[in-house]
Structure formats: C-alpha cells, structure tokens
Amino acid sequence: MTGSRPESSQDPSPSSRLEEILDDKLRVEELPDSDDDYEDVGTVTKEEQANMAYLESVKIPIVDKLKTDSSEVQDETLEVVMPFLEGNPNDFPLNIFGIPHLQKEKHVKFLKKALGDYPPPFAMMDASRPWLVYWSLQGLSALGYDISEYRERVIHTFSLAQYPAGGYGGSYGHLPHLAATYAAVLSIVMVGGEKAYTSINRKSLWHFLGQLKQPDGGFNMTTGGEEDIRGAYCALVVLSLFNLPMELPPDAPARTQGLTTFLDNLGPWIGRCQAFDGGISAAPGNEAHGAYAFCGLGALAILGPPRETLNAYLDVPRLVHWLSARQCAPEGGYNGRTNKLVDGCYSHWVGGCWAIVEAGATSERQSLWNRDALARYVLSAAQFSKGGLVDKPGKRPDAYHSCYNLAGLSATQHVYVYDDGAGVKGDLDAPYRWRTAGVYPESRIWDEEDEINEVHPVFVIPFKAARESREYFEGRQGF
C-alpha cells in the first residue's frame, strides 16, 4: 500500500518528533483524595506527556456533578481506559507518533486459533459457527493474511449448515436464519472460487428470502421471527452478491398483499426506522443503536447511490448529529447508544457509517469525523497484550471485537469514494461503484507499519471478493 507519509527509516524517533510540543517538566502530579495529600508518580516519558496533553485538550469542559449509576460506571470505565491512552501498559513498540504499533503477528495468531477447535463449554456457541468463521476470516483478511488455505473447510462447514429448503442455519441441522445466512455468505464469498460458489443452492436461497419479505417492506430474520433492520441489510447483501432475481418467488407470502419484488416498500420502511434523535433503530419506534445505523445505511447504499437513497429516506443532518455524539471524549472510540460506554466493536458499527454518510452528502466537504481519535483508541486501548482485540481494557479478546476493531481501523486509514461511473451494471449494482482513493493523508496516529487492508464500506469484506462473486453470478444463466 502507498501513502503520503515518508519512509519510516527517514523519520526521527518518537521522542524527537514530540520534543517541540513538550515543556521541560518530566514529572506529573496525581490529584490526591484530600488537599493535604500529594503523590509523586515519578518520571514519565515524552510520549506519555504528549498523550496527556492531547487527552486534556479533548476533555468535555462541562461536567454534570449529579451522580447516577450511569455516570459512576462511566467514571470507572475512564479509570480503566485512561492509563492505556496516556501510556503503554502492554509495553508494545511505539510508532513514529508515540502510539503503540498494531501487533499484526499476534492478532493473526489469535484469529487463526479462533478458527480451530473449541473446548466443551463452547457448545453453547454452536449456533454462532457462521459468525465465528466470518469474524476470523475477515480479521485475517484485513491483516493481509492469505485465507485461501481455509477454502475447503469453509465449503465443507457451510455445505452442512445449508438448509434443504434454503438459507443457512447456525450449524448442521439448525433451522435457517438470516443472520447465519449473512455470515455464511460472506465467508463463502471471501474464500471464493467456483467450488465455493457452486456449493450454494441459489434457487432455494431465493425462496427462503421470499418467505421473509413482509408487506410493510421489511424482512423477518427467520420464518415467524422478528422483523428488524438487520433483515433488510442481510437480505440485500445476499441478493446483491449472488445476483438473485428481484422478483418475489411465486410462493412468497407478501405476494398476497400485492407486493411483487423484494424492493417494494423497503426504502420507506428503512426511513421509518430513523428515531426522533436522528439515529436508526431496529424497527420503527425503537431506540436508536449504532449497529442498526450501519445496517440501515448499508441497506440504503445497496438500494442505490447514497446521495440519492440517504436523502430520499433519512434526515441526514440529524443522523450526522447522532453519529457524532457516539464518539466518546476523551476515549476517542464509539459507544452504541446514548449514555452507554465506549466499546471497540463500534469502531466499525458507527465508524463504518461515515464513508456512506459522506458519500450521501449533497455538497463536497471535508471529513465529517475524527479518524485519528478512533485510531488512537484502537491502537492504544483495544489491543490485548497476547493478541486479539477487545471491547475495552480489562476485557478478554474475541473474534467479534477483533474483526470490528480492525474494520474500524481500516476505515480510519483509507478514503472510500462512491463513483457513479465505476462497477458492474444490473440490479442492486450500487455497492460495486465504490473505489479506494488512497490512504488518508492527514493522520498523526498510525504509520505505514500499522496500515491494514481496505475493507468494502458496505459489505465489510475485501473489495476483490465482492466484485468476483458478483461477476461470477452475472455470468450464469438462471439458477
């Protein structure tokens, strides 16, 4: 990958780069519990002083003195997070900006282990097999690891999880579910190849999706299950990547209500999921949530060009206000709801929204979000010492938080542009018109050694995998 920053070998050490912004005092004073106490915590490094100066500059200036359960938990969380943002408790090597390097080798080792065998207590996770595979493969792909060695295992795993009547369950013999289907489809598309593609029963999958389409425009997650915005996003991802017909199958229940295509009433239904505060909720009338915001935006970005679909169905200024409020200060990471705690997974669920929102902007403008603050949180606070990434310091690593922390970090590093003139042609072709416009040039948090691969802003898989899947199925006649 190329970037605008100089080669690392030409850069001075972190300490010399930071010299100009620091004063000569190398001691800090910790505020005591009483006015009579003083605690000298010793010498701190110049990197730590620079971090402290930055964190002080982004502190919220007005503090509500009313104590609540939420405020107390937030204060406790800050006590845990701040040492990682100020210093380097894991003793990781530092990059040229004095921030911990991304520990790629450790994270690859962790994610490869996540694709291995699990002990008996993990039997409760059996229905999450597709997700464990997807999270691990996508994390590895983002780190630049060649996942082709897993192709045969992926094909075998999901051939067993494919339900005879269509869709994928969590494991062998499980009933099909749209969330499991989404994760299975992305895993198959990532490993790619004709053998993987032909393992899919596209016709039965089409019928399965037809059973989930609802008269009001949305989708159930499974037959007789809940209707929410995850269903809209997951269904559109599958329809687009596999180039399935837009017409509803003859046996689709929604046909009895006059609907004829998967897209009927869908855009307005997504619009009704926007909450009063500007965020997007699971269903009309519910509380806004970061992951549902991404699902809603992702769905609209599949339906058509973001500049058209977002402005047709959403109040974009209110959405921008809500998304901006999810970035925690001074942590830099995101939370998923109002008055909630920072969590590394929202590095993607909220951080990943910005590329789509910026593509939907009606005028050219600078970046709408603080990329560096999020990158700082991921590199400083979300890396586990032995590998894998976490919700926040003190938590254990898992494939889920590893995948989405890395996706969020990738979003901070790369500039994604929606290009009307690019991509394939056909139904739901908007996602194939995205391209990368290079590395974000203004970062002062990560250097070339910390760069990871581009992640498709809508599908959350490699660009190449999405394009090859669509092109393969466009070349096929019928099912």
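Trainee: Where is the place of Thr 77?

Mentor: Helices (H or I, at least four residues) and strands (E, at least two) are DSSP runs, numbered from the N terminus. Thr 77 lies in helix 3, residues 69-86. This is a predicted model, in which local features need pLDDT of at least 70 and side-chain atom pairs count only at pLDDT 80 or more, while totals for chains, interfaces and linings use all residues. Residues are numbered from 1 along each chain as its sequence is written, and side-chain values use heavy atoms, with hydrogens and water left out.

Trainee: Is Thr 77 buried or exposed?

Mentor: Buried means under 20% relative accessible area, exposed over 50%, and partly exposed in between (1.4 Å probe, protein chains only). Thr 77 has a relative accessible area of 8%, so it is buried.

Trainee: Which residues does Thr 77 touch?

Mentor: Contact means heavy atoms within 4.5 Å. Not counting residues up to four places away in sequence, Thr 77 touches Leu 341, Val 342 and Lys 392.

Trainee: How is the span of helix 2 to be read?

Mentor: The expected span of a helix is 1.5 Å times one less than its number of residues. Helix 2 (residues 46-57) has 12 residues and reaches 17 Å from its first C-alpha to its last, close to the expected 16 Å. Among the buried residues of helix 2 are Ala 50 and Leu 55.

Trainee: What should I look for in the backbone angles?

Mentor: Most residues other than glycine have a negative phi, and most peptide bonds are trans. Here, a cis peptide bond joins Ala 329 and Pro 330, with omega about 10 degrees. Pro 330 is in the loop between helix 14 (316-325) and helix 15 (346-349). Asn 339 is found in the loop between helix 14 and helix 15; its phi is positive, about 65 degrees. With a relative accessible area of 66%, Asn 339 is exposed. Asn 243 also has a positive phi, near 50 degrees, but is partly exposed at 23%.

Trainee: How many helices and strands does the protein chain have?

Mentor: The protein chain has 19 helices and four strands. Its radius of gyration is 23 Å, close to the 23 Å that the globule rule gives for 479 residues, so the chain is as compact as a globular protein of that length. The radius is taken over C-alpha atoms, and the rule is 2.2 Å times the number of residues to the power 0.38. Of the 479 residues, 54% count as buried.
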